[in-house]
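Subject: Structure handover

Hello,

Here is the structure I said I would pass on. My notes on it follow below.

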Amino acid sequence: MTGSYRTVVYLLIAVNIAFYLAEGIRGGTNRTDVVRSLGGMYTPDVRRGQWYRLVTSMFLHYGFWHIFCNMTSLYYLGPSLAAILGPGRFLAVYFIAGIAGNLTTYAAELRSHSYAVSAGASGAVFGLLGAWLTLAFVPELRGIINLRSLIYTIGINIVYGFINRGINMKAHLGGLAAGFICTGIMILF
């Protein structure tokens, strides 16, 4: 695995950490007002034309454990996936999944009229899980991907997400589906 595959992952981690530090400087990483002021996902703001929130919210996090879990997942899931897909396609999956997760949240909140300021790389990280799931069905990769372990990991995260009311499962599931579909399209073309 060459350095460029790891570099793209490390750059994403660095950008997430920079946003996290900005949250701390602005008043705290657990404050909804700070997250919203820096571009957290908030459906009423997106409806007012602030579409950039679909991207900026992917780099904001609520507290240390939130960023730690997401960046640890990115660190372990990312380099090998970037090596298989290539850095450009890896970034495409990451951003498409993250944005799709936020669009899923947007659509669900418009329907329910229940709004919350959400943030985190989780939709994009779930997109990476979706990408791995797609790759598990590629004959040449079956020997290096443990499908059972992958399904177990996805299942545990989904169950935990539904148990913990503070987790935006709409973004997780939207990201997972987008990562799966996006990677499938990449493989076919």
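**Salt bridges around Asp45**

Asp45 and Arg53 are both buried. Please keep in mind that this is a predicted model. The side chains of Asp45 and Arg53 form a salt bridge, with N and O 3.4 Å apart. Asp45 also pairs with Arg36, where the closest N and O atoms are 2.8 Å apart, and with Arg48, where the corresponding distance is 2.3 Å. The structure holds 4 salt bridges.

Asp45 counts as buried because its relative accessibility is 3%, which is under the 20% cut-off. Arg36, at 30%, is partly exposed, and Arg48, at 56%, is exposed.

**Nonpolar cores**

The largest nonpolar core has 36 residues, and Leu74, Leu81, Phe90, Tyr94 and Leu128 touch the most other members. Helix 1 (3-26), helix 5, helix 6 (87-112), helix 7 (122-135), helix 8 (147-163) and helix 9 each give at least two residues to this core. Helix 7 supplies the largest share, with 9 residues. A second, separate core has 5 residues, among them Tyr42, Leu60, Val117 and Ala119.

**Helix 9 and what follows**

Thr183 lies in helix 9 (residues 169-188). Thr183 counts as buried because its relative accessibility is 0%. Its side chain reaches the backbone oxygen of Gly179 at 2.8 Å. Not counting residues up to four places away in sequence, Thr183 touches Leu85, Val93, Ala131, Thr134 and Leu135.

Phe189 sits in the segment after helix 9. With a relative accessible area of 74%, Phe189 is exposed. Phe189 belongs to a nonpolar surface patch together with Phe137, Phe180, Ile181, Ile185 and Leu188, and the accessible area of the patch is about 700 Å². As background, nonpolar side chains in soluble globular proteins tend to be buried together.

**His66**

His66 is part of helix 5 (residues 64-85). Leaving aside neighbours within four places in sequence, the contacts of His66 are Leu60, His61, Ala119, Gly120 and Ser122. Thr29 is 37 residues away from His66 along the chain, and their C-alpha atoms are 9.8 Å apart.

Regards

Notes: Residues numbered from 1 in each chain as written. Predicted model: local features only at pLDDT ≥ 70, side-chain atom pairs only at ≥ 80, totals over all residues. Heavy atoms only, no water. Helix = DSSP H or I, 4+ residues; strand = E, 2+ residues; numbered from the N terminus. Contact = heavy atoms within 4.5 Å. Buried < 20%, exposed > 50% of the residue type's maximum accessible area, 1.4 Å probe, protein only. Polar contact = N/O pair within 3.5 Å; in protein donor to acceptor, adjacent residues only side chain to side chain. Patch = residues over 30% accessible without salt bridge, like charges linked within 9 Å, V, L, I, M, F, W, Y side chains within 5 Å. Areas by Shrake-Rupley, 256 points an atom, 1.4 Å probe, with all protein chains shown as cover. Core = buried A, V, L, I, M, F, W, Y, C linked by side-chain atoms within 4.5 Å.
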